[in-house]
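Subject: Structure handover

Hello,

Here is the structure for your files.

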Amino acid sequence: MMKNLQKLGKAMMLPVAALPICGILMGLGYLFAPAAMGAPGATEGFMYVLGVFLIKAGAALIENMAILFAIGVGVGLAKDNDGTAGLAGMVSYLMITTLLAPGTVQTIAPGMIASKLNEIAFAKVGGNAFIGILAGIIGGICYNKFRNTKLPDFLAFFSGKRSVAIVTAVVSIVVSAVLLFVWPVIFGGLYALGNGITKMGAVGAGIYAFLNRLLIP
């Protein structure tokens with residue numbers, strides 16, 4: 001169990017490695033264009049334009065961390081770090097986020113978004129890092145299990161690594177069906193945990209830092 005968790009932790013470090021440059025770019029951007037975050041400052045001129053440019057550059061990765069997790073975790077969990085696992089992770093992410101999108105849920109199970117919290121939960125599926133990590137795990141596991149699959153001659157084209165994306169899509173459909181009922185509960189727990197830590201002030205920040213450090217081992 002611990003070995004698998006350590007492997008997942010190492011896999012997660014791959015996309016996390018992109019975060020420092022995001023912080024640097026956005027930090028410099030807000031330094032040059034403080035008005036972009038509501039602070040007093042100029043709203044025109046070269047420095048403002050440069051600042052906004054850097055902010056958008058950093059936000060391009062921050063706002064798509066779920067996708068980076070889906071690809072990075074998939075590749076990190078693959079036994080040979082093959083890019084096929086990253087593609088499988090992306091397939092799983094697109095499948096899950098599409099099947100659990102509010103419009104889809106409203107059509108297939110309207111009762112699931114009857115409450116406001118559930119409605120928010122499904123609205124937050126797209127771009128959610130937790131979903132990205134889950135998709136990466138699915139992609140990595142499917143790659144490790146099916147990368148050497150041998151099919152009959154008339155389906156030989158889909159043998160080996162080409163079968164991984166197909167199997168991943170099928171598995172993701174099943175996982176989406178489960179998440180249709182489980183995701184609102186998970187989201188509610190994450191929401192309550194985040195709110196609880198935020199309201200604790202400095203103590204909450206300390207708890208967050210401590211838990212963050214636990215990712216290392």
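Please keep in mind that this is a predicted model.

Phe-157 is exposed, at a relative accessible area of 53%, and sits in the loop between α8 (129-146) and α9 (162-199). Phe-157 is part of a nonpolar surface patch that also takes in Leu-151, Phe-154, Leu-155, Phe-158, Ile-166 and Val-170. Together these residues have about 680 Å² of accessible area.

The surface also carries a patch of positive charge, made up of Lys-3, Lys-7, Lys-79 and Lys-145. Of these, Lys-7 belongs to helix α1 (residues 2-16). Its relative accessible area is 34%, so Lys-7 counts as partly exposed.

On salt bridges, a search of the whole structure gives one. Asp-82 pairs with Lys-161, with 2.6 Å between the closest N and O atoms. The two residues are 79 apart and link distant parts of the chain: Asp-82 is in the loop between α4 (65-77) and α5 (83-99), and Lys-161 in the loop between α8 and α9. Asp-82 is buried, at 16% relative accessibility, whereas Lys-161 is partly exposed, at 39%.

As for disulfides, the count is zero, the criterion being a pair of cysteine sulfur atoms within 2.5 Å. Cys-22 has a relative accessibility of 1% and counts as buried. Cys-142 is buried as well, with a relative accessible area of 5%.

Regards

Key:
Residues numbered from 1 in each chain as written. Predicted model: local features only at pLDDT ≥ 70, side-chain atom pairs only at ≥ 80, totals over all residues. Heavy atoms only, no water. Patch = residues over 30% accessible without salt bridge, like charges linked within 9 Å, V, L, I, M, F, W, Y side chains within 5 Å. Areas by Shrake-Rupley, 256 points an atom, 1.4 Å probe, with all protein chains shown as cover. Salt bridge = Lys/Arg side-chain N within 4 Å of Asp/Glu carboxyl O. Lys, Arg positive; Asp, Glu negative; His and termini not counted. Charge placed at Lys NZ, Arg CZ, Asp CG, Glu CD. Helix = DSSP H or I, 4+ residues; strand = E, 2+ residues; numbered from the N terminus. Buried < 20%, exposed > 50% of the residue type's maximum accessible area, 1.4 Å probe, protein only.
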